[in-house]
Amino acid sequence: MSRERIGQLFVLPTVLFLLAFAIIPAVANFTLSFFDWSPLRPAFEFVGIDNYIKVLQSKSFLSALGNTVIYAIVTVPVSIGLALLVAVGIMGRLRGAGALKAIYFMPTAAMLVGMAVVWQFILDPRVGLLNEFLSWFGIPPSGWLLNSSTALPSIIAFGIWRQTGYMMILFLAGLAAIPRTVYEAGALDGLHGFRRFRHITWPMLAPTTTFAGIIGTIAAVELFDAPKVMTNGGPAGSTTTLAMMIQQEGFFYSSFGTGAVVSLVLFILTLAITAAQWMISRRSPMSGPQ
């Protein structure tokens with residue numbers, strides 16, 4: 001067999017996997033968005049764009065879209081900032097750096113559902129550790145996950161706590177890849193302290209920052225597990241995300257057509273945010289080497 005044939009055989013399993021679990025389901029989902037179908041009604045009924053109109057005019061959809069966007073806009077930048085701060089401190093020969101690595105990365109390595117249950121206990125209005133801590137300062141207890149004004153911020157805090165460790169590992173790898181000769185040359189030009197970080201470290205970390213932003217955004221807009229476990233989308237839909245709405249439309253209301261529409265919106269949102277981040281990073285004057 002020729003080398004080209006051998007290469008094609010090695011690629012074939014991946015192509016078949018993508019075809020079976022990505023391409024065909026995506027085409028089927030797009031097709032399903034134009035039909036009214038439910039497992040309770042075996043017959044397909046073509047409804048055109050009625051599903052799109054129904055979803056886009058729904059208050060629950062607009063609320064879920066807003067919750068998803070707010071979560072992504074807040075969680076990703078804050079996680080990146082904290083992760084960069086911790087990574088720079090660890091690389092700066094901070095005492096106990098090894099222990100800090102393990103502590104910050106532990107939330108990422110632990111099972112998400114288990115961590116969500118732990119946070120649910122911490123934020124419990126009766127026996128929660130957070131309310132107990134605040135009571136030492138005379139602050140009355142609060143139902144963090146039971147109040148529509150604090151439920152989403154609580155989910156955001158959980159997301160930041162969980163994502164920071166993973167992004168810290170990315171920035172540690174990026175910092176380790178910066179040649180020491182660059183810092184030595186900067187020292188000769190009088191770059192020290194924050195000036196060295198601004199003119200050398202931060203521009204050289206531009207590719208890492210872009211990657212962390214894209215990965216973090218994809219994870220943020222696909223949020224499902226944490227609000228499902230901690231609040232089940234409540235109270236009054238204040239923590240329902242697009243991913244949760246897909247599950248509700250398809251498996252709770254048995255409306256697979258509208259669920260397919262929401263999933264398409266989620267895909268377009270993910271693609272748009274990722275493309276915007278990529279374009280901004282490419283045009284930034286501090287983009288560094290690509």
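Ser33 is buried, with a relative accessible area of 0% (buried means under 20%, exposed over 50% and partly exposed in between, using a 1.4 Å probe and protein chains only). This is a predicted model, so local features need pLDDT of at least 70 and side-chain atom pairs count only at pLDDT 80 or more, while totals for chains, interfaces and linings use all residues. Residues are numbered from 1 along each chain as its sequence is written, and side-chain values use heavy atoms, with hydrogens and water left out. Helices (H or I, at least four residues) and strands (E, at least two) are DSSP runs, numbered from the N terminus.

**Around Ser33 and Leu32**

- Ser33 sits in the loop between α1 and β1.
- Setting aside neighbours within four places in sequence, Ser33 is in contact (heavy atoms within 4.5 Å) with Gly48, Asn51, Tyr52, Gly257, Ala260, Val261 and Leu264.
- Leu32 belongs to helix α1 (residues 3-32) and is buried too, at a relative accessible area of 18%.
- Not counting residues up to four places away in sequence, Leu32 touches Trp37, Phe44, Asn51, Phe256, Gly257 and Ala260.
- Leu32 and Thr258 are 226 residues apart along the chain, yet their C-alpha atoms are separated by 8.8 Å.

**Aromatic pairs**

- Searching the whole structure turns up 13 aromatic pairs; rings of Phe, Tyr and Trp (its six-membered ring) pair if their centres lie within 6.5 Å, with planes under 30 degrees apart called stacked, over 60 edge-to-face and the rest tilted.
- One of them is Trp37 with Phe256: the ring centres are 5.0 Å apart and the planes are at 65 degrees, so this pair is edge-to-face.
- Trp37 is in strand β1 (residues 35-38) and Phe256 in helix α13 (residues 256-283), so the pair ties together parts that are 219 residues apart in sequence.
- Phe194 and Phe197 make a tilted pair, at 6.2 Å centre to centre and 35 degrees between the planes.
- Both Phe194 and Phe197 are in helix α9 (residues 194-204), three residues apart, or about one turn of the helix.
- Phe194 is exposed, with a relative accessible area of 62%, whereas Phe197 counts as partly exposed at 22%.
- Phe30, Phe34 and Tyr52 form one aromatic cluster.

**Helix α4 against α7**

- Two packed helices are described by the angle between their axes and the distance between the axes.
- The axes of α4 (residues 97-109) and α7 (residues 151-176) come within 6 Å and cross at roughly 125 degrees; axes are lines fitted to C-alpha atoms, for helices over the stretch in contact, and angles run from 0 to 180 degrees between N-to-C directions.
- That makes α4 oblique to α7 (under 35 degrees is roughly parallel, over 145 roughly antiparallel, 65 to 115 roughly perpendicular and the rest oblique).
- The crossing of α4 and α7 is left-handed, meaning that the near helix is turned anticlockwise from the far one by less than a right angle; clockwise would be right-handed.
- On the α4 side the contact uses Lys101, Tyr104, Phe105, Pro107 and Thr108, and on the α7 side Trp161, Arg162, Thr164, Gly165, Tyr166, Met168, Ile169 and Leu172.
- By class, the residues of this α4–α7 contact split into eight nonpolar, three polar and two charged (Ala, Val, Leu, Ile, Met, Phe, Trp, Tyr, Cys and Pro count as nonpolar, Asp, Glu, Lys and Arg as charged, and the others, Gly among them, as polar).

**Helix α9 and its partners**

- Ile200, Thr201 and Pro203 are buried in α9.
- The buried residues of α9 pack against α7, α8 (180-188) and α10 (206-221).
- The axes of α8 and α9 come within 11 Å and cross at roughly 140 degrees, so these two are oblique to each other.
- This α8–α9 crossing is right-handed.
- Val182, Tyr183 and Gly186 of α8 meet Arg196, Ile200 and Thr201 of α9, a contact with three nonpolar, two polar and one charged residues.

- Gly234 and Pro235 are joined by a cis peptide bond, with omega about -5 degrees.
- Pro235 is in the loop between α11 (225-230) and α12 (242-252).
- Ala236 is in the loop between α11 and α12, and has a positive phi of about 55 degrees although it is not a glycine.
- Ala236 is exposed, with a relative accessible area of 84%.
- Ser254, not a glycine either, has a positive phi of about 55 degrees and is in the loop between α12 and α13.
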